[in-house]
Amino acid sequence: MEQGGRLCRQGAGSRAVLLLLPALCLTLALPTPGRGLPPPLPAPHRLAEGLNRSRELLEAANASLHRLKELGTLGFECTLEEVDLEDITKNQTNTIKACTSEDPGTGNCPALERSTFDTSKCLQGIYEDLNAYRAELKNFNDQKVLATIDEMMKALKTSSGSVPQPSAGAGLTSFKERMRLCSILHAFRIRTVTINRMMNYLTSAESSL
């Protein structure tokens, strides 16, 4: 039984590594600012604000997981090794698909294509990620996380329309729901790392032109 538990945790850890891979590889694949960069955006201030918001988003995600651990809110230890990570954005436009090459070649690292990179498409992918996680986390009583998602979405939104607000959730009751929330939070935290790195690149690329 103990051996089965260890195998389960090892399997979860492997899946976590696979989900982390795009975020880690993205940093290695970023081209040097100033060479082969996409045309500048018409509103560069949006990038600067988006970068600041992405930093706040990452801090909020880290703080939320830390509070769960300290307070034992879910009734179990919410660690990366104990959950099966789920990519809730895999069937939609997302940061990984929109900001990196669709064909990574023979390796596992997604890469930026200098000649075909589309900044607007990349920002839209980030926006869609945030929208998906906002809907998933509506049952989670962490207003800081929800507020930082909203602020990031506002920074990325180009039109004057308001950011869509999902209806209030009914709260978390079952163990299965709490376990899934733990998984979603860890996946969200990993995705915020990717978003922050992408915004860092876009901002540095803009300022170098």
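**Disulfides and aromatic pairs**

In this predicted model, the torsion about the S-S bond of cysteine 99 and cysteine 122 is about 95 degrees, so the disulfide is right-handed. The sulfur atoms of cysteine 99 and cysteine 122 lie 1.9 Å apart. This bond links distant parts of the chain, with cysteine 99 in helix 3 and cysteine 122 in helix 4, 23 residues apart. Cysteine 99 is buried, at a relative accessible area of 2%. Cysteine 122 is also buried, at 0%.

The count of disulfides comes to two. Cysteine 78 is joined to cysteine 182, with an S to S distance of 2.0 Å. The torsion about this S-S bond is about 105 degrees, so the disulfide of cysteine 78 and cysteine 182 is right-handed. Cysteine 78 sits in the loop between helix 2 and helix 3, and cysteine 182 in helix 6, 104 residues apart. Both cysteine 78 and cysteine 182 are buried.

Aromatic pairs also number two. Phenylalanine 76 and phenylalanine 175 form an edge-to-face pair, 5.4 Å centre to centre, with 65 degrees between the planes. Phenylalanine 76 is in the loop between helix 2 (44-71) and helix 3 (95-99), while phenylalanine 175 is in helix 6 (residues 175-207), 99 residues apart. Phenylalanine 76 is buried, with a relative accessible area of 18%. Phenylalanine 175 is partly exposed, at 47%.

The ring centres of tyrosine 133 and phenylalanine 188 are 5.2 Å apart, and their planes are at 50 degrees, so this pair is tilted. Tyrosine 133 lies in helix 4 (residues 119-136) and phenylalanine 188 in helix 6, so the pair ties together parts 55 residues apart in sequence. Tyrosine 133 and phenylalanine 188 are both buried.

Methods
Residues are numbered from 1 along each chain as its sequence is written. This is a predicted model: local features need pLDDT of at least 70, side-chain atom pairs count only at pLDDT 80 or more; totals for chains, interfaces and linings use all residues. Side-chain values use heavy atoms; hydrogens and water are left out. Rings of Phe, Tyr and Trp (its six-membered ring) pair if their centres lie within 6.5 Å; planes under 30 degrees apart count as stacked, over 60 as edge-to-face and the rest as tilted. Helices (H or I, at least four residues) and strands (E, at least two) are DSSP runs, numbered from the N terminus. Buried means under 20% relative accessible area, exposed over 50%, partly exposed in between (1.4 Å probe, protein chains only). A disulfide is a pair of cysteine sulfur atoms within 2.5 Å.
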